[in-house]
Amino acid sequence: MSYLDNILFAIVLIIGFGYFISNIKKIYRNINLGIDVDRKDNSKQRWKNMAMIALGQSKMVRRPIAGILHIIVYAGFIIINIELLEIIIDGLFGTHRIFAFLGSFYNVLIASFEILALLVIVSVTVFWLRRNVIRLKRFVNSDLNGFPKSDANYILYFETILMFLFLFMNASDSHLQNVSGGYSHFIKAGAFPISQFLAPLFDGVNSDAVAMMYELFWWMHIVGILAFMNYLYFSKHLHILLAFPNTYFANLKPLGEFDNLEAVTKEVKLMMDPNADPFAAAAEGAEVPAKFGASDIQDLNWVQLLNAYTCTECGRCTSVCPANTTGKKLSPRKIMMDTRDRMEEVGRNIDANKGVFVPDNKSLLNDYITPEELWACTSCNACVEECPVSISPLSIIMDMRRYLVMEQSAAPAALNNMMTNVENNGAPWPYNQQDRLNWKNEL
């Protein structure tokens with residue numbers, strides 16, 4: 001590479017990483033729109049969860065075919081991009097395979113990268129067939145229409161092209177390494193078990209032309225990686241980065257244990273205290289909740305917002321949801337996608353108004369998620385159990401239900417009737433206690 005190439009590469013690198021960092025800052029800002037919640041307890045268990053679930057993919061392999069293929073793509077893509085460090089150094093300083101001094105170990109590395117690249121191409125092809133030919137039910141739901149449906153295919157095309165560029169880059173490199181008498185600064189380094197079958201394509205081609213093709217493959221590969229990295233912000237594949245903090249900060253309590261509203265708990269304790277004055281004014285400085293439950297993203301906690309950004313849109317949650325499988329409108333995947341979309345909308349509002357949110361007469365409740373969806377939930381936790389990255393759609397559903405009940409008195413009539421029966425009759429049925437056993441007289 002010439003000095004001009006080195007300078008151009010440095011500029012491309014700065015732009016690519018600069019834009020990526022600016023997007024990460026937006027994500028961090030949007031997540032912090034949520035209410036603070038303490039998730040610093042039991043760090044040992046949290047590190048274990050992150051290692052097993054995010055890194056070890058332990059919940060992915062519950063569905064073996066998709067799980068194993070995902071591990072191949074994930075591991076392959078991450079490991080292959082270790083070579084990104086070498087590409088960056090070579091690009092900045094005009095060197096060629098700077099780590100070649102590692103000798104046999106370097107050869108093993110390059111060979112393993114190529115084998116993984118081939119496995120990634122095969123796995124991605126299977127994923128594409130599952131989505132577009134076999135059309136698995138969880139990939140053709142109505143909540144995946146539009147960009148979310150296209151996004152998954154864009155990622156598959158991206159990964160395939162990057163892997164082919166990597167192999168063609170190595171193939172042209174290998175050809176130039178074996179030019180009789182040597183060629184420029186192309187030293188012999190690396191082992192190429194896969195790209196060796198592509199190298200014959202360059203036989204009979206002028207070495208200078210092959211060098212130009214190598215440069216083209218090299219530039220397209222690195223620019224493609226930077227483009228992919230920045231596309232993550234707009235894509236469901238943001239979970240590549242956020243799965244780690246999401247699994248670390250996940251709720252460690254038993255799935256069936258719900259948090260009580262602190263303000264309500266204090267009020268109940270006050271009512272049960274025989275020495276308390278129910279008409280006494282609130283203590284000075286006492287915190288009074290602005291709202292019970294959640295109607296918009298600012299009412300959710302930051303872990304729930306992190307959940308929304310981490311959603312992989314795989315649809316495993318929706319596929320096991322009993323409400324969804326019986327034809328109800330509820331889709332746990334849609335709950336997370338809607339939360340993320342609303343969060344992005346609020347973020348754009350803040351950007352457009354110099355860091356201040358200007359009320360837009362919209363909210364997560366009603367404008368994105370309907371009460372019908374919320375009340376269809378059976379709170380069985382199947383979606384939480386199934387999620388491969390420890391997301392909890394149920395926590396958002398429950399907080400929004402609380403708002404409907406406690407702020408709007410908008411519980412369904414059937415639920416209100418049941419609660420009235422419990423209050424009056426000690427049971428959910430509309431019969432007083434004296435008549436409860438009358439049925440036996442009809443036997």
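1. Helix axes here are lines fitted to C-alpha atoms over the stretch in contact, and angles run from 0 to 180 degrees between N-to-C directions. Keep that in mind for the two helix pairs in this note. The model is a predicted one.

2. Start with helix α1 (residues 3–31) and helix α13 (residues 332–352). Their axes come within 10 Å and cross at roughly 105 degrees. Angles of 65 to 115 degrees count as roughly perpendicular, so α1 and α13 are roughly perpendicular to each other.

3. Which residues of α1 and α13 meet? From α1 come Lys26, Arg29, Asn30 and Ile31. From α13 come Met343, Glu344, Gly347, Ile350 and Asp351. By class, the residues of this contact of α1 with α13 are three nonpolar, two polar and four charged.

4. The other pair is helix α6 (residues 147–177) with helix α7 (residues 207–231). Here the axes come within 9 Å, and the crossing is at roughly 150 degrees. The cut-off for roughly antiparallel is over 145 degrees, which means α6 is roughly antiparallel to α7. The crossing of α6 and α7 is left-handed. The contact of α6 with α7 holds 20 nonpolar residues, five polar and three charged.

5. Now the salt bridges. How many are there? The count comes to 18. Several deserve a look in the viewer.

6. Aspartate 41 pairs with arginine 46 in a salt bridge, and their closest N and O atoms are 2.8 Å apart. Are the two partners buried or exposed? Aspartate 41 has 39% relative accessibility and counts as partly exposed. Arginine 46 has a relative accessible area of 1% and is buried. The cut-off for buried is under 20%.

7. Arginine 97 and glutamate 83 form another salt bridge, with the closest N and O atoms 3.6 Å apart. This pair links distant parts of the chain, 14 residues apart. Glutamate 83 sits in helix α4, while arginine 97 lies in the loop between α4 (83–93) and α5 (104–132). Both arginine 97 and glutamate 83 are buried.

8. Lysine 253 and aspartate 259 also meet through their side chains, in a salt bridge of 2.8 Å from N to O. Lysine 253 is partly exposed, at 37% relative accessibility. Aspartate 259 is partly exposed too, with a relative accessible area of 41%.

9. Finally, a network. Which residues does it link? Salt bridges join Asp296, Arg342, Glu345, Asp360 and Lys362.

Note on methods
Residues are numbered from 1 along each chain as its sequence is written. This is a predicted model: local features need pLDDT of at least 70, side-chain atom pairs count only at pLDDT 80 or more; totals for chains, interfaces and linings use all residues. Side-chain values use heavy atoms; hydrogens and water are left out. Helices (H or I, at least four residues) and strands (E, at least two) are DSSP runs, numbered from the N terminus. Angles under 35 degrees count as roughly parallel, over 145 as roughly antiparallel, 65 to 115 as roughly perpendicular and the rest as oblique. A crossing is left-handed if the near helix is turned anticlockwise from the far one by less than a right angle, and right-handed if clockwise. Ala, Val, Leu, Ile, Met, Phe, Trp, Tyr, Cys and Pro count as nonpolar, Asp, Glu, Lys and Arg as charged, and the others, Gly among them, as polar. A salt bridge is a side-chain nitrogen of Lys or Arg within 4 Å of a carboxyl oxygen of Asp or Glu. Buried means under 20% relative accessible area, exposed over 50%, partly exposed in between (1.4 Å probe, protein chains only). Contact means heavy atoms within 4.5 Å.
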